[in-house]
Amino acid sequence: MKTLILYDIPSKLEGKYWSDNITKSRQVDSLFTPAHPDITPWSMHRFALGYKGLPFQVEWVELPDIAPRMKEIGAGKSKLADGAEKYTLPVLSDPNTGALVTDSWEIAEYLDETYPEKPIFSHKSKGLIRAFTSALINLLQPAAIFPIFRASQILNERSAEYYIATREVMFKRRISEFSPEGPKRDEHWAIIERAFTTSKEWYVEEEGKWLMGDVFSYADIFTASVLSWLSRVLHEDEWEKIASWHDGRWGKLLADVKKECNGI
(Lines give C-alpha, C1' and ligand atoms only; values in the text may rest on other atoms or scores of the structure.)
Protein backbone atom coordinates (compact mmCIF):
# COMPACT_ATOMS: atom_id res chain seq x y z
CA MET A 1 0.00 0.00 0.00
CA LYS A 2 1.27 3.46 -0.90
CA THR A 3 1.70 6.05 1.84
CA LEU A 4 -1.03 8.66 2.10
CA ILE A 5 0.00 12.32 2.35
CA LEU A 6 -1.63 14.68 4.81
CA TYR A 7 -1.10 18.42 4.29
CA ASP A 8 -1.26 20.26 7.60
CA ILE A 9 -0.14 23.44 9.40
CA PRO A 10 2.98 23.23 11.63
CA SER A 11 3.70 24.85 14.98
CA LYS A 12 6.77 25.44 17.11
CA LEU A 13 5.72 22.61 19.42
CA GLU A 14 7.41 19.22 19.52
CA GLY A 15 5.87 17.09 16.79
CA LYS A 16 4.65 20.29 15.05
CA TYR A 17 0.94 19.36 15.05
CA TRP A 18 -1.57 21.48 16.94
CA SER A 19 -3.87 22.01 14.58
CA ASP A 20 -6.15 24.68 13.14
CA ASN A 21 -8.34 22.53 10.96
CA ILE A 22 -11.94 22.26 11.99
CA THR A 23 -12.50 25.92 11.41
CA LYS A 24 -12.25 25.25 7.70
CA SER A 25 -14.94 22.56 7.80
CA ARG A 26 -18.17 23.35 6.00
CA GLN A 27 -19.79 21.85 9.09
CA VAL A 28 -18.49 24.67 11.28
CA ASP A 29 -17.10 27.34 9.01
CA SER A 30 -19.73 29.75 10.33
CA LEU A 31 -17.37 29.95 13.27
CA PHE A 32 -15.27 32.27 11.15
CA THR A 33 -17.67 35.10 11.92
CA PRO A 34 -16.95 37.21 15.00
CA ALA A 35 -20.14 35.92 16.63
CA HIS A 36 -18.89 32.37 16.27
CA PRO A 37 -15.17 32.12 17.06
CA ASP A 38 -13.18 29.61 15.07
CA ILE A 39 -12.82 26.64 17.39
CA THR A 40 -9.79 24.80 16.20
CA PRO A 41 -9.29 21.23 17.17
CA TRP A 42 -7.58 19.28 15.63
CA SER A 43 -6.20 15.96 15.14
CA MET A 44 -9.34 14.34 13.79
CA HIS A 45 -7.79 13.25 10.50
CA ARG A 46 -4.63 12.02 12.26
CA PHE A 47 -6.66 9.97 14.72
CA ALA A 48 -8.82 8.53 11.92
CA LEU A 49 -5.75 7.49 9.90
CA GLY A 50 -4.13 6.00 12.97
CA TYR A 51 -7.26 4.09 13.99
CA LYS A 52 -7.50 2.51 10.56
CA GLY A 53 -3.81 1.66 10.58
CA LEU A 54 -3.16 3.49 7.31
CA PRO A 55 0.40 4.60 6.52
CA PHE A 56 0.68 8.36 6.14
CA GLN A 57 3.21 11.16 6.16
CA VAL A 58 2.67 14.83 6.84
CA GLU A 59 3.72 17.67 4.56
CA TRP A 60 3.79 20.86 6.60
CA VAL A 61 2.50 24.05 4.98
CA GLU A 62 2.71 27.45 6.65
CA LEU A 63 -0.51 29.48 6.64
CA PRO A 64 0.55 32.03 3.95
CA ASP A 65 1.62 29.19 1.66
CA ILE A 66 -1.62 27.19 1.70
CA ALA A 67 -3.21 28.69 -1.42
CA PRO A 68 -0.17 28.43 -3.73
CA ARG A 69 0.69 24.91 -2.51
CA MET A 70 -2.87 23.63 -2.90
CA LYS A 71 -3.08 25.14 -6.39
CA GLU A 72 0.18 23.40 -7.22
CA ILE A 73 -1.10 19.94 -6.26
CA GLY A 74 -4.53 20.48 -7.81
CA ALA A 75 -6.58 20.45 -4.61
CA GLY A 76 -10.07 21.89 -4.69
CA LYS A 77 -11.25 24.82 -2.65
CA SER A 78 -13.49 24.45 0.39
CA LYS A 79 -16.92 26.04 0.18
CA LEU A 80 -17.66 28.17 3.23
CA ALA A 81 -21.04 28.84 4.79
CA ASP A 82 -21.34 32.26 3.14
CA GLY A 83 -20.80 30.70 -0.28
CA ALA A 84 -17.21 31.84 -0.61
CA GLU A 85 -14.54 29.36 -1.67
CA LYS A 86 -10.95 29.25 -0.47
CA TYR A 87 -8.02 26.89 -0.21
CA THR A 88 -7.81 25.34 3.24
CA LEU A 89 -6.13 22.55 5.16
CA PRO A 90 -6.22 19.71 5.98
CA VAL A 91 -5.99 18.05 2.59
CA LEU A 92 -5.48 14.33 2.18
CA SER A 93 -3.77 12.91 -0.91
CA ASP A 94 -4.30 9.18 -1.47
CA PRO A 95 -1.96 7.84 -4.17
CA ASN A 96 -3.75 4.49 -4.01
CA THR A 97 -6.91 6.00 -5.53
CA GLY A 98 -5.75 9.37 -6.84
CA ALA A 99 -8.13 11.17 -4.50
CA LEU A 100 -7.45 14.65 -3.10
CA VAL A 101 -9.84 15.28 -0.21
CA THR A 102 -10.35 18.61 1.56
CA ASP A 103 -12.00 19.18 4.97
CA SER A 104 -11.73 17.02 8.08
CA TRP A 105 -15.30 15.72 7.88
CA GLU A 106 -14.96 14.80 4.21
CA ILE A 107 -11.63 13.11 4.98
CA ALA A 108 -13.33 11.00 7.65
CA GLU A 109 -16.14 10.06 5.26
CA TYR A 110 -13.66 9.22 2.50
CA LEU A 111 -11.57 7.01 4.80
CA ASP A 112 -14.63 5.13 6.05
CA GLU A 113 -15.92 4.53 2.53
CA THR A 114 -12.55 3.62 1.01
CA TYR A 115 -11.09 1.68 3.94
CA PRO A 116 -14.18 0.26 5.73
CA GLU A 117 -12.44 -2.44 7.78
CA LYS A 118 -12.55 -0.40 11.03
CA PRO A 119 -15.57 1.91 10.70
CA ILE A 120 -15.80 5.21 12.55
CA PHE A 121 -19.43 5.77 11.51
CA SER A 122 -20.87 2.42 12.55
CA HIS A 123 -24.56 1.60 13.13
CA LYS A 124 -25.67 4.30 10.66
CA SER A 125 -24.55 6.90 13.17
CA LYS A 126 -23.24 9.62 10.81
CA GLY A 127 -26.21 11.96 11.24
CA LEU A 128 -26.24 11.65 15.02
CA ILE A 129 -22.48 12.15 15.22
CA ARG A 130 -22.74 15.24 13.08
CA ALA A 131 -25.36 16.60 15.46
CA PHE A 132 -23.15 15.78 18.43
CA THR A 133 -20.10 17.55 16.98
CA SER A 134 -22.19 20.63 16.15
CA ALA A 135 -23.63 20.67 19.67
CA LEU A 136 -20.19 20.45 21.27
CA ILE A 137 -18.91 23.27 19.06
CA ASN A 138 -21.88 25.45 19.98
CA LEU A 139 -21.15 24.91 23.67
CA LEU A 140 -17.50 25.87 23.31
CA GLN A 141 -17.69 28.65 20.72
CA PRO A 142 -18.37 31.59 23.11
CA ALA A 143 -15.01 30.89 24.80
CA ALA A 144 -12.99 29.82 21.75
CA ILE A 145 -11.31 33.19 21.54
CA PHE A 146 -9.21 32.21 24.59
CA PRO A 147 -7.46 29.20 22.98
CA ILE A 148 -7.32 31.15 19.71
CA PHE A 149 -5.27 33.73 21.59
CA ARG A 150 -3.02 30.99 22.96
CA ALA A 151 -2.65 29.44 19.49
CA SER A 152 -1.14 32.67 18.21
CA GLN A 153 1.77 32.07 20.58
CA ILE A 154 2.79 28.61 19.35
CA LEU A 155 2.97 29.16 15.59
CA ASN A 156 6.08 29.72 13.52
CA GLU A 157 6.81 33.36 12.75
CA ARG A 158 5.29 33.62 9.27
CA SER A 159 2.14 31.74 10.23
CA ALA A 160 1.84 33.64 13.51
CA GLU A 161 1.92 36.98 11.69
CA TYR A 162 -0.75 35.79 9.26
CA TYR A 163 -2.87 34.21 12.00
CA ILE A 164 -2.81 37.30 14.22
CA ALA A 165 -3.51 39.72 11.37
CA THR A 166 -6.49 37.74 10.06
CA ARG A 167 -8.01 37.15 13.48
CA GLU A 168 -7.63 40.75 14.55
CA VAL A 169 -9.65 41.70 11.48
CA MET A 170 -12.12 38.91 12.16
CA PHE A 171 -12.79 39.91 15.76
CA LYS A 172 -12.21 43.64 15.31
CA ARG A 173 -9.83 43.90 18.25
CA ARG A 174 -6.15 43.56 19.07
CA ILE A 175 -4.90 40.07 19.90
CA SER A 176 -4.05 41.26 23.44
CA GLU A 177 -7.75 42.02 23.94
CA PHE A 178 -8.98 38.55 22.97
CA SER A 179 -8.96 37.03 26.47
CA PRO A 180 -7.34 39.35 29.00
CA GLU A 181 -6.77 37.99 32.48
CA GLY A 182 -9.51 38.97 34.88
CA PRO A 183 -13.31 38.82 34.49
CA LYS A 184 -13.22 38.09 30.74
CA ARG A 185 -10.79 35.16 31.14
CA ASP A 186 -12.82 33.86 34.10
CA GLU A 187 -15.92 33.96 31.90
CA HIS A 188 -14.16 31.94 29.22
CA TRP A 189 -13.09 29.34 31.76
CA ALA A 190 -16.65 29.05 33.08
CA ILE A 191 -17.99 28.47 29.54
CA ILE A 192 -15.40 25.77 28.82
CA GLU A 193 -16.14 24.00 32.10
CA ARG A 194 -19.90 24.06 31.45
CA ALA A 195 -19.31 22.61 27.98
CA PHE A 196 -17.39 19.67 29.38
CA THR A 197 -19.90 19.17 32.18
CA THR A 198 -22.61 18.79 29.54
CA SER A 199 -20.34 16.47 27.53
CA LYS A 200 -19.85 14.32 30.61
CA GLU A 201 -23.63 13.99 30.93
CA TRP A 202 -23.78 12.74 27.35
CA TYR A 203 -20.94 10.29 27.91
CA VAL A 204 -22.42 8.69 31.04
CA GLU A 205 -25.71 7.86 29.31
CA GLU A 206 -24.23 4.54 28.16
CA GLU A 207 -22.00 2.09 30.01
CA GLY A 208 -18.50 1.98 28.59
CA LYS A 209 -15.79 4.54 27.99
CA TRP A 210 -17.01 5.77 24.59
CA LEU A 211 -19.98 7.99 23.74
CA MET A 212 -21.70 4.97 22.17
CA GLY A 213 -20.82 2.72 25.10
CA ASP A 214 -18.43 0.03 23.93
CA VAL A 215 -18.46 1.24 20.31
CA PHE A 216 -15.62 3.56 19.32
CA SER A 217 -16.69 6.19 16.79
CA TYR A 218 -15.89 9.48 15.15
CA ALA A 219 -17.68 11.17 18.06
CA ASP A 220 -14.85 10.06 20.34
CA ILE A 221 -12.26 11.11 17.77
CA PHE A 222 -13.88 14.52 17.59
CA THR A 223 -14.00 14.97 21.37
CA ALA A 224 -10.40 13.84 21.71
CA SER A 225 -9.40 16.22 18.94
CA VAL A 226 -10.88 19.13 20.89
CA LEU A 227 -8.95 17.94 23.93
CA SER A 228 -5.77 17.49 21.90
CA TRP A 229 -6.09 21.03 20.55
CA LEU A 230 -6.52 22.43 24.04
CA SER A 231 -3.63 20.39 25.38
CA ARG A 232 -1.37 21.74 22.66
CA VAL A 233 -2.25 25.44 22.61
CA LEU A 234 -2.95 26.13 26.29
CA HIS A 235 -0.27 26.48 28.93
CA GLU A 236 0.55 23.25 30.76
CA ASP A 237 -1.20 24.27 33.99
CA GLU A 238 -4.27 25.36 32.01
CA TRP A 239 -4.50 22.00 30.25
CA GLU A 240 -3.99 20.12 33.52
CA LYS A 241 -6.98 22.00 34.92
CA ILE A 242 -9.21 20.70 32.11
CA ALA A 243 -7.73 17.20 32.21
CA SER A 244 -8.57 16.92 35.91
CA TRP A 245 -12.23 17.89 35.65
CA HIS A 246 -14.80 15.19 36.46
CA ASP A 247 -12.31 12.89 38.20
CA GLY A 248 -9.80 13.10 35.37
CA ARG A 249 -12.28 11.98 32.71
CA TRP A 250 -10.94 14.21 29.91
CA GLY A 251 -7.27 13.49 30.33
CA LYS A 252 -8.12 9.79 30.39
CA LEU A 253 -10.37 10.05 27.33
CA LEU A 254 -7.61 11.69 25.31
CA ALA A 255 -5.14 9.01 26.39
CA ASP A 256 -7.65 6.25 25.55
CA VAL A 257 -8.33 7.64 22.07
CA LYS A 258 -4.60 7.97 21.36
CA LYS A 259 -4.15 4.33 22.39
CA GLU A 260 -7.11 3.25 20.26
CA CYS A 261 -5.60 5.11 17.32
CA ASN A 262 -2.26 3.34 17.57
CA GLY A 263 -0.49 6.05 19.53
CA ILE A 264 -1.17 8.91 17.09
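Contact here means heavy atoms within 4.5 Å. Buried means under 20% relative accessible area. Both terms apply throughout this report on a predicted model.

## Helix H1 and its surroundings

Start with helix H1, residues 44-51. Eight of its eight residues are buried, so the rest of the structure largely encloses H1. They are Met44, His45, Arg46, Phe47, Ala48, Leu49, Gly50 and Tyr51. What do these buried residues pack against? Their partners include three strands: E1 (4-8), E2 (56-60) and E5 (91-94). Helices H3 (104-114), H8 and H9 (236-260) are also packed against the buried residues of H1. After H1 comes Gly53, which has a positive phi near 70 degrees.

## Two helix pairs

Two packed helices are described by the angle between their axes and the distance between the axes. The table gives both values for two pairs.

| Helix pair | Angle between axes | Distance between axes |
|---|---|---|
| H1 and H8 | roughly 130 degrees | within 9 Å |
| H3 and H4 | about 155 degrees | 13 Å |

Take H1 and H8 (residues 218-233). Angles over 145 degrees count as roughly antiparallel, and 65 to 115 as roughly perpendicular. The pair crosses at roughly 130 degrees. H1 and H8 are therefore oblique to each other. The crossing of H1 past H8 is right-handed. On the H1 side, the contact is made by Met44, Phe47 and Ala48. On the H8 side, Tyr218, Ile221, Phe222, Ala224, Ser225 and Ser228 meet them. Sorted by class, this contact of H1 with H8 holds seven nonpolar residues, two polar ones and no charged ones.

Now H3 and H4. Their axes pack at about 155 degrees. That angle makes H3 roughly antiparallel to H4. This crossing is right-handed. H3 contributes Trp105, Glu109 and Glu113 to the contact, and H4 contributes Lys126, Ile129 and Arg130. Which classes do the residues of the contact of H3 with H4 divide into? Two are nonpolar, none is polar and four are charged.

## The loop between H3 and H4

Two residues of this loop stand out for description. Ser122 lies between H3 and H4 (126-140). Lys124 sits in the loop between H3 and H4 as well. Is Ser122 buried or exposed? Ser122 has a relative accessible area of 12%, so it is buried. Beyond neighbours within four places in sequence, Ser122 contacts Met212 and Val215. Lys124 is exposed, with a relative accessible area of 84%. Lys124 is not a glycine, although its phi is positive at about 50 degrees.

## The largest nonpolar core

The largest nonpolar core has 79 residues. Which members touch the most other members? They are Trp18, Leu111, Phe196, Tyr218 and Ile242. H8 gives the most to this core, with ten residues. Tyr218 is also one of the H8 residues that meet H1.

Ile242 has its own list of partners. Setting aside residues up to four places away in sequence, Ile242 touches Trp189, Ile192, Phe196, Leu227, Leu230, Leu234 and Trp250.

His246 is found in helix H9. Phi of His246 is positive, near 55 degrees, in a residue other than glycine. With 24% relative accessibility, His246 counts as partly exposed.

## Loop sites on the E strands' side of the sequence

Lys77 lies in the loop between helix H2 (66-73) and strand E3 (78-79). Its relative accessible area is 43%, so Lys77 is partly exposed. Lys77 and Glu240 are 163 residues apart along the chain, and their C-alpha atoms are separated by 37 Å.

Pro90 is in the loop between strand E4 (85-86) and E5. The peptide bond leading from Leu89 to Pro90 is cis, with omega near 15 degrees.

Pro95 is placed in the loop between E5 and strand E6 (99-102). Pro95 counts as partly exposed, at 36% relative accessibility. Apart from residues up to four places away in sequence, Pro95 touches Lys2, Thr3 and Leu4.

Technical notes
Residues numbered from 1 in each chain as written. Predicted model: local features only at pLDDT ≥ 70, side-chain atom pairs only at ≥ 80, totals over all residues. Heavy atoms only, no water. Axes fitted to C-alpha atoms, helices over the stretch in contact; angles between N-to-C directions. Helix = DSSP H or I, 4+ residues; strand = E, 2+ residues; numbered from the N terminus. Parallel < 35°, antiparallel > 145°, perpendicular 65-115°, else oblique. Left-handed = near helix turned anticlockwise from the far one by under 90°. Nonpolar A, V, L, I, M, F, W, Y, C, P; charged D, E, K, R; others polar. Buried < 20%, exposed > 50% of the residue type's maximum accessible area, 1.4 Å probe, protein only. Core = buried A, V, L, I, M, F, W, Y, C linked by side-chain atoms within 4.5 Å.
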